[in-house]
Amino acid sequence: QVQLVESGGGLVQAGGSLRLSCAASGNIFTVYDMGWYRQGPGKQRELVADITTVGSTNYADSVKGRCTISRDNAKNTVYLQMNELKPEDTAVYYCHAQIMTRFLNENDYWGQGTQVTVSS
């Protein structure tokens with residue numbers, strides 16, 4: 001069993017900052033790409049940012065320059081630092097990871113989601 005547990009969401013005023021964390025645990029052999037997605041009210045889930053095992057990153061145009069994704073491979077944890085938050089960043093943020101388990105099964109795993117609300 002593999003779990004992704006997120007933390008760090010909340011309510012913040014426009015222009016503020018939040019840092020999301022997501023830790024993977026369980027029967028893990030290797031964690032490959034990790035990332036953050038979000039789903040706003042009435043919208044489809046979209047990629048915010050992702051990061052490879054060697055630290056190569058990819059960002060949605062809407063967050064470039066405002067968000068930074070990073071990871072700690074020793075802790076199987078991914079972070080998303082969000083600055084200059086805007087009301088349109090309001091969404092449920094989901095952690096995602098590609099993981100090979102100790103049983104040598106490779107699957108996509110998702111966290112339960114953490115709410116980020118940005119007030120104007």
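**Close-up views: aromatic rings and nonpolar core**

**View 1. Trp 110, a partly exposed ring.** Trp 110 has a relative accessible area of 37%, which places this residue in the partly exposed class. The model shown here and in the other views is predicted. Over the ring of Trp 110 sits the charged end of Arg 45, 4.7 Å from the ring centre.

**View 2. The aromatic pair of Tyr 37 and Trp 110.** The structure holds 1 aromatic pair. Its members are Tyr 37 and Trp 110, arranged edge-to-face, with 5.0 Å centre to centre and 65° between the planes. Tyr 37 belongs to strand β4 (residues 28-39) and Trp 110 to strand β10 (residues 106-110), so the pair ties together parts 73 residues apart in sequence. Tyr 37 is partly exposed, at a relative accessible area of 22%.

**View 3. Arg 19 over Tyr 79.** Arg 19 lies over the face of Tyr 79, and the distance to the ring centre is 4.1 Å.

**View 4. The largest nonpolar core.** This core has 31 residues, of which Trp 36, Leu 80, Met 82, Tyr 93 and Ile 99 touch the most other members. Strands that each supply at least two residues of the core include β1 (2-7), β3 (18-26), β8 (77-82) and β11 (114-119). The most comes from β9, which gives 5 residues.

**View 5. Surroundings of Tyr 93.** Leaving aside neighbours within four places in sequence, Tyr 93 is in contact with residues including Trp 36, Leu 80 and Met 82. Other contacts of Tyr 93 include Glu 6, Leu 20, Tyr 37, Arg 38, Val 48, Gly 113, Thr 114 and Val 116.

Conventions
Residues are numbered from 1 along each chain as its sequence is written. This is a predicted model: local features need pLDDT of at least 70, side-chain atom pairs count only at pLDDT 80 or more; totals for chains, interfaces and linings use all residues. Side-chain values use heavy atoms; hydrogens and water are left out. Rings of Phe, Tyr and Trp (its six-membered ring) pair if their centres lie within 6.5 Å; planes under 30 degrees apart count as stacked, over 60 as edge-to-face and the rest as tilted. Helices (H or I, at least four residues) and strands (E, at least two) are DSSP runs, numbered from the N terminus. Buried means under 20% relative accessible area, exposed over 50%, partly exposed in between (1.4 Å probe, protein chains only). A charge sits over a ring if NZ of Lys or CZ of Arg is within 6 Å of the ring centre and within 35 degrees of the ring normal. A nonpolar core is a set of buried Ala, Val, Leu, Ile, Met, Phe, Trp, Tyr and Cys residues joined through side-chain atoms within 4.5 Å. Contact means heavy atoms within 4.5 Å.
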